[in-house]
Amino acid sequence: MLARRLVLYIVTAWVAITANFLLPRLMPGNPIQTLIGKITGTVTPNEIRAIRLSFGLGFHQGLIAQYFTYLTQLLHGNFGVSITLGAPVSSILRQTVPWTLGLIGLATIFSFAIGTFGGALLGWTRGSRLDALIPTATFFQAVPYFFLATVMLLLFGSDLHWFPVLGAYSQTVTPGWNFSYISSVIRYGELPLIAIVLSSLAGWMLGMRNMMITMIGEDFVLMAVAKGLPRRKVIWHAARNAILPSIANLSLAIGLVVSGALLVELVFNYPGVGDLLLQAVLNEDYPLIQGIFLVITLAVLAANFLADIVYLWLDPRTRTVAAV
Amino acid sequence: MKSLRLPRSPKVIIGLVIVGFFIIMTVIGPWLAPYNPSSTAFAPLLSPSAHHWLGTTSLGQDIFSQLLVGARATMVVALLAGLAATILSMTVGIAAGYLGGASDEGLTLLSNVFLAIPGVPLLIVIDSYLPVNSRSNFFVIGLIISLTGWAWGARVLRAQTMSLRNRDFVEAARIIGEKRGRIMFTEVAPNLLPVLASSFLFTVLYAIGAYVTLAYIGLTSTAVWNWGTMLYWAQANNAPLSGEWYWFVPPGICIALVGTGLALVNFGIDEFINPRLRAGGLTSRQRRKLGLPRRIRLGLTPVIISTSKRSAVAARAKLVSQ
């Protein structure tokens, strides 16, 4: 099973890379030529050469040869040069990716844990007063991440001053491994983190609730009750099985969470990939947009693969199938 | 075929009312708008008043008019995207599930690839390469959004088709010698209606989010008013930080309400497909009416067969109590 999934992710990565190569060529109006025309004179000829190379346009070649030039450049880590920032895309990404990875990674873990736990509880106590939470959860699920973030920024940041806002750390501290910097990073990360968790929580919760209700009807749960197991153990029995589809659906969810969370960065001026992407879009900085897209896609695929490994570890049935 | 009536739970009714309200707003909103949404004739940044129900923007445009006019673009693009994505996912999903073998392998791989690529970043890349005049075209935007949103539905439909493939009525159609395409679309597809409806609503929900996101980062034409463009201008003028809530809260609430409505209707469809959820979703009063125990006991989640039978069960329960 794992090998099959790995093949899928490799194919997906290849599709993303190829789309990245083909898109600028298929689009009407020849955006690359326009781009090179626009920047000639503002950047050095060397940089233009690097940009042409990263698009696979280094020499006067046919499409296939261009494609291989492009792939070779990618393998060497050459994503091109950002037009507006004048620096190689790869080095810009190296500065921004850790912020995003930390923020979105932590937020996803939190919201998955809280949402699954809450969903198991909701499913178990179905039909009770707790069901009133469902419409609320549905509402939170439907709110765009960036809108919820904006409202929280206004309420808790600029009105109530509970959290510091805008940026990833205070301007008064010096970055490095010192206590004041790290605590500042944590303080500034709190509100964006809460915003992402609140927006993504409901999805996990509702999915888990439905699975839990389906599981409770299964014979093995009845059996557990009949054996006279304490209630907590029975819930654990059902929840452990209900969680599997949740994890199996991670591939859909991670993409959505990441897409939403990128915009939260933008609202909070968080110096991550999302904020960078907006700048790139506004300035029509194509090499940067493409580089960011590739990095996001590869990160999402890696997260999916991790989820698959966890799934395999949790569900013995998949292991037997893999052994056969 | 079973009756397709949705369970009449309060959730579904509220959902239908909300969705209906916004559909009416889509149709008549632009006519109801008191002013031209782009006209800058008024004083900037007025607070809500009798003349301007939601105040004005920093350019002196009437926000209430923008909200009413913006409903149309938002909903039309979302519905177009939902429709296109449903057709795509139906074709791929049913074909994969029914044909099996190598076609299934290929089509499943295709939908899994689209499922794994993060949709919104891909949308941003495609959209940033679009010429400016296509960015205001509803069809172009709707189609691109559907391209990133069809895969989930295809997967669900494939699974459902596989469970239908060997039923007697499909077998019978095969024996009669019906063509494969005809079996897929006239025998199998109608039985997938609840799943299709659910996947359509889900895609519309996704499309609203995607369209608003594109507009919010300034990737759709600013000449077309939609709720995302409103949020874009509010953000660009720092409305959230200067406390002009009336500028960005109304479009956000509208987006969230449409989404909630769609999700609530989807709940109803889910309960229709999965009888166990149906019992779980009953309110205590309905449960009393059906003669079910007030607290559902463990391992005994009742399976409620269909809504039409419900009245019969209720009548029987009444008889017993008398």
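Modeller: What follows is a set of questions about this predicted model, each answered by setting a value against a cut-off.

Biologist: Why is B:W31 called exposed?

Modeller: The residue B:W31, found in helix α1 (residues 10-32) of chain B, has a relative accessibility of 67%, and because exposed means over 50%, B:W31 counts as exposed. Together with B:I23, B:I24, B:V27, B:I28 and B:L32, B:W31 makes a nonpolar surface patch of about 620 Å².

Biologist: Is B:T186 exposed or partly exposed, and how do you know?

Modeller: The relative accessible area of B:T186 is 38%, and since buried means under 20% and exposed over 50%, with partly exposed in between, B:T186 is partly exposed. Its place is in helix α8 (residues 180-191) of chain B, and the C-alpha atoms of B:T186 and B:F114, which are 72 residues apart along the chain, are separated by 27 Å.

Biologist: What makes the pair B:R174 and B:E171 a salt bridge?

Modeller: The closest N and O atoms of B:R174 and B:E171 are 3.4 Å apart, and because the rule asks for a side-chain nitrogen of Lys or Arg within 4 Å of a carboxyl oxygen of Asp or Glu, the pair is called a salt bridge. Both residues lie in helix α7 (residues 168-176) of chain B, 3 residues apart, which is about one turn of the helix. With relative accessibilities of 29% for B:R174 and 32% for B:E171, each of the two counts as partly exposed.

Biologist: Which parts of chain A does the salt bridge of A:R5 and A:D308 link?

Modeller: The side chains of A:R5 and A:D308 meet at 3.0 Å, N to O. This pair links distant parts of the chain, with A:R5 in helix α1 (residues 2-26) and A:D308 in helix α13 (residues 286-314) of chain A, 303 residues apart. Both A:R5 and A:D308 are buried. Over all chains, the count by this rule comes to 5 salt bridges.

Biologist: How many salt bridges does the rule find across the interface of chain A and chain B?

Modeller: The rule finds 1 salt bridge there, and the side chains of A:R4 and B:E105 meet in a salt bridge at 3.7 Å, N to O. The contact takes 70 residues from chain A and 59 residues from chain B, while the two chains bury about 5,300 Å² between them, 75% of it on carbon and sulfur atoms.

Biologist: Which residues touch the most other members of the largest nonpolar core?

Modeller: In that core of 132 residues, B:I145 and B:W227 touch the most other members. Leaving aside neighbours within four places in sequence, B:I145 is in contact with residues including B:V77, B:L123, B:Y206 and B:Y211.

Biologist: How many helices and strands are there in chain B?

Modeller: Chain B has 14 helices and 0 strands, and buried residues make up 52% of its 322 residues.

Note on methods
Residues numbered from 1 in each chain as written. Chains lettered and ligands numbered in written order. Predicted model: local features only at pLDDT ≥ 70, side-chain atom pairs only at ≥ 80, totals over all residues. Heavy atoms only, no water. Core = buried A, V, L, I, M, F, W, Y, C linked by side-chain atoms within 4.5 Å. Buried < 20%, exposed > 50% of the residue type's maximum accessible area, 1.4 Å probe, protein only. Contact = heavy atoms within 4.5 Å. Patch = residues over 30% accessible without salt bridge, like charges linked within 9 Å, V, L, I, M, F, W, Y side chains within 5 Å. Areas by Shrake-Rupley, 256 points an atom, 1.4 Å probe, with all protein chains shown as cover. Helix = DSSP H or I, 4+ residues; strand = E, 2+ residues; numbered from the N terminus. Buried area = accessible area lost by both parts, 1.4 Å probe.
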